[in-house]
Amino acid sequence: MSLEHEVLKNQEVQNQMRAGNSVEQIMLGDYPRALTEAIMNTMNSNKDISAKLLNDDAFLNRFAKIMLNIFIQNLNKGIA
């Protein structure tokens with residue numbers, strides 16, 4: 001499963017994205033936890049990057065914001 005699919009299984013995260021909330025607002029909601037869980041769930045296929053993300057908070061935060069923008073774009077386009 002993809003990271004995006006795993007994150008978007010969280011309905012609250014989808015609602016926050018669809019509502020047009022800012023990245024900062026979404027980062028304060030369920031998204032960071034949903035992303036962390038998705039990273040852990042897909043860890044076997046992404047061991048190196050998963051370990052780096054889970055052990056470096058600053059790197060995880062930057063990655064989270066990049067992925068959030070991609071997820072919002074895909075959700076708005078109906079791709080997700």
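Close-up 1. I49 is placed in helix α5, where helices (H or I, at least four residues) are DSSP runs numbered from the N terminus. With a relative accessibility of 39%, I49 counts as partly exposed, a class that lies between buried (under 20% relative accessible area) and exposed (over 50%), with a 1.4 Å probe and protein chains only. I49 and I39 are ten residues apart in sequence, and their C-alpha atoms are 9.0 Å apart in space. S50, also found in helix α5, which covers residues 47–55, is buried, its relative accessible area being 2%. When neighbours within four places in sequence are left aside, S50 is in contact with I39 and M43, contact meaning heavy atoms within 4.5 Å. The model shown here and in the other views is predicted, so that local features need pLDDT of at least 70 and side-chain atom pairs count only at pLDDT 80 or more, whereas totals for chains, interfaces and linings use all residues. Residues are numbered from 1 along each chain as its sequence is written, and side-chain values use heavy atoms, with hydrogens and water left out.

**Close-up 2. The aromatic pair of Y31 and F71.** The structure holds one aromatic pair, a term for rings of Phe, Tyr and Trp (its six-membered ring) whose centres lie within 6.5 Å, with planes under 30 degrees apart counted as stacked, over 60 as edge-to-face and the rest as tilted. Y31 and F71 form this pair in an edge-to-face arrangement, with 6.4 Å from centre to centre and 70 degrees between the planes. Because Y31 belongs to helix α4 (residues 31–41) and F71 to helix α6 (residues 57–77), the pair ties together parts that are 40 residues apart in sequence. Y31 is buried at 0% relative accessibility, and F71 is buried too, with a relative accessible area of 1%.

**Close-up 3. The packing of α4 against α6.** The two helices pack at an angle of about 100 degrees, and their axes are 11 Å apart; axes are lines fitted to C-alpha atoms, for helices over the stretch in contact, and angles run from 0 to 180 degrees between N-to-C directions. α4 and α6 are therefore roughly perpendicular to each other, given that angles under 35 degrees count as roughly parallel, over 145 as roughly antiparallel, 65 to 115 as roughly perpendicular and the rest as oblique. From α4 the contact involves Y31, L35, T36 and I39, and from α6 it involves L60, F63, A64, M67, L68 and F71. By class, the contact of α4 with α6 has nine nonpolar residues, one polar and no charged ones, where Ala, Val, Leu, Ile, Met, Phe, Trp, Tyr, Cys and Pro count as nonpolar, Asp, Glu, Lys and Arg as charged, and the others, Gly among them, as polar.

**Close-up 4. The packing of α2 against α6.** Helix α2 (residues 11–18) and α6 have their axes 10 Å apart and pack at an angle of about 75 degrees, which makes α2 roughly perpendicular to α6. Here Q14, M17 and R18 of α2 meet L68, F71, I72 and L75 of α6, and the residues of this contact divide into five nonpolar, one polar and one charged.
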